Amino acid sequence: MTTSKFRLLLLIGLAGALLLVLVVVSPMLLISVPSFISDGGGTSIDCTDDVQVEGVSDSAASDIPADYLELYKKYGKEIGVQWNILAAVGKRETDHGRSNLPGVKSGTNYAGAAGPMQFLISTWGGKARVPMSSKFNGYASDGDGDGVGDVYNPADAILGAAKMLKRNGAPENVRRALFTYNRAWWYVDQVVEIAKKYAESGDVRVPPQASEECDDPLVAAAPSEVVAKILQFALAQRGKPYLWGGTGPDAFDCSGVIYAAYRAAGLTIPRTTFEQWPFGVKVAGGDEQPGDLVFFNAGPGTGPDRPGHVGLVVSKGKMLEARCRLCGPIKVTSYQARGNRVGFTRPLQNPDVLDQLKRLQNATL
């Protein structure tokens, strides 16, 4: 056989083998190709969805005492952190309160930590049992409604732990929140692995809006180029801390991040929430659109006609907000189920802003 004939037969054989592989494998490929690839691009997650409630794995059901499991789920949902992360902290610290080591049921351990969630007494509120009517600085909480934040009480301790995790980045940035809880990355790794085993999905889920993959679709859907610039700046501030009176660049308060976002688009609006509320044209609920503001009756000295908190609408039902010092970093959240909502306004329809828009348009001609 000549060399050329051999090569021809070899090529025919390889082609046939490849065709056979495609015939056998292609049904599986059609099933397994993610929709965001098969439709020509886009995002791999549903950016309009809220964080899903994680189911309880068999491992969690068999390992976590029933009363503790209910507390993890209750306060995880109430505060807005993953219940399986809370449960994993409880497992890693004291085996859900079953440990007999010093500091779990009384006193403190060698580091000064106490209770089933192992709070430092100084972080809890200065003492193990803190009357909730008193002034204190810490995470002492009253989960059982007896008026006392007891670091040894599971309900109180788990509620306090949820607040601490929320304050430091959960549910969006779980690893940072856990590192603040115990400043060791090996600890963070261990807790995350436990949390995955406790979840029915085998994972630690985060709100989809926490992903930068959700930024581009929001900006692309903006009703105008100006709104796109406002959203682009605002979304880039996500993850930065809340600071009362802050207007950036490192920290913001609720109205400060909106004020800065509008400035990034070349527009000037009032600085404070109290001033922003009457500034924009009122918009009926359901007619709001990206770039509008949503207001809430929250904070001292506020009321239905004087809202004290504001968020920037980034899509229907979603807002970017810098909520409070203990509420975690700037993030995208849902305003649909939020209580004390006062209403929506559209600063872009204020006569002064319309004049600014005309000047910007003329400057580009």
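The protein chain has 14 helices and 10 strands, taken as DSSP runs (helices H or I, at least four residues; strands E, at least two) and numbered from the N terminus. This is a predicted model, in which local features need pLDDT of at least 70 and side-chain atom pairs count only at pLDDT 80 or more, while totals for chains, interfaces and linings use all residues. Residues are numbered from 1 along each chain as its sequence is written, and side-chain values use heavy atoms, with hydrogens and water left out.

**Whole chain**

- Of the 365 residues, 45% count as buried (under 20% relative accessible area, with exposed over 50% and partly exposed in between; 1.4 Å probe, protein chains only).
- Contacts (heavy atoms within 4.5 Å) between residues at least 6 apart in sequence join residues at least 24 apart in 56% of cases.
- The accessible surface is about 18,800 Å², and carbon and sulfur atoms hold 57% of that area; the method is Shrake-Rupley with a 1.4 Å probe.

**Second largest pocket**

- This pocket holds about 510 Å³ of space. A pocket is an open set of points on a 1 Å grid over the protein atoms alone, where a 1.4 Å probe fits, with protein on both sides within 12 Å along at least five of seven lines; lining residues have an atom within 4 Å of a point. Grid points are joined across faces, edges and corners, and the volume is the space filled by probe spheres set on the points.
- The lining has 20 residues, of which E93, N109, A113, Q118 and N182 are the closest to the pocket centre.
- Two or more lining residues come from each of α5 (83-94), β2 (119-120) and α9 (185-198), and α5 gives the most, with three.
- By class, 12 lining residues are nonpolar, six polar and two charged (nonpolar: Ala, Val, Leu, Ile, Met, Phe, Trp, Tyr, Cys and Pro; charged: Asp, Glu, Lys and Arg; polar: the others, Gly among them).

**R346**

- R346 belongs to strand β10 (residues 341-346) and counts as buried because its relative accessibility is 18%.
- The side chains of R346 and D292 form a polar contact of 2.8 Å (a pair of N or O atoms within 3.5 Å; within protein, one must be able to donate a hydrogen and the other to accept it, and residues adjacent in sequence count only if both atoms are side-chain atoms).
- Beyond four places in sequence, R346 contacts G280, V281, V283, D287, E288, Q289 and D292.

**L165**

- L165 lies in helix α7 (residues 154-167) and is buried, since its relative accessible area is 1%.
- Between L165 and Q82 there are 83 residues of sequence separation and a C-alpha to C-alpha distance of 9.5 Å.
- Residues up to four places away in sequence aside, L165 touches V81, I85, L86, A170, A177, L178 and Y181.
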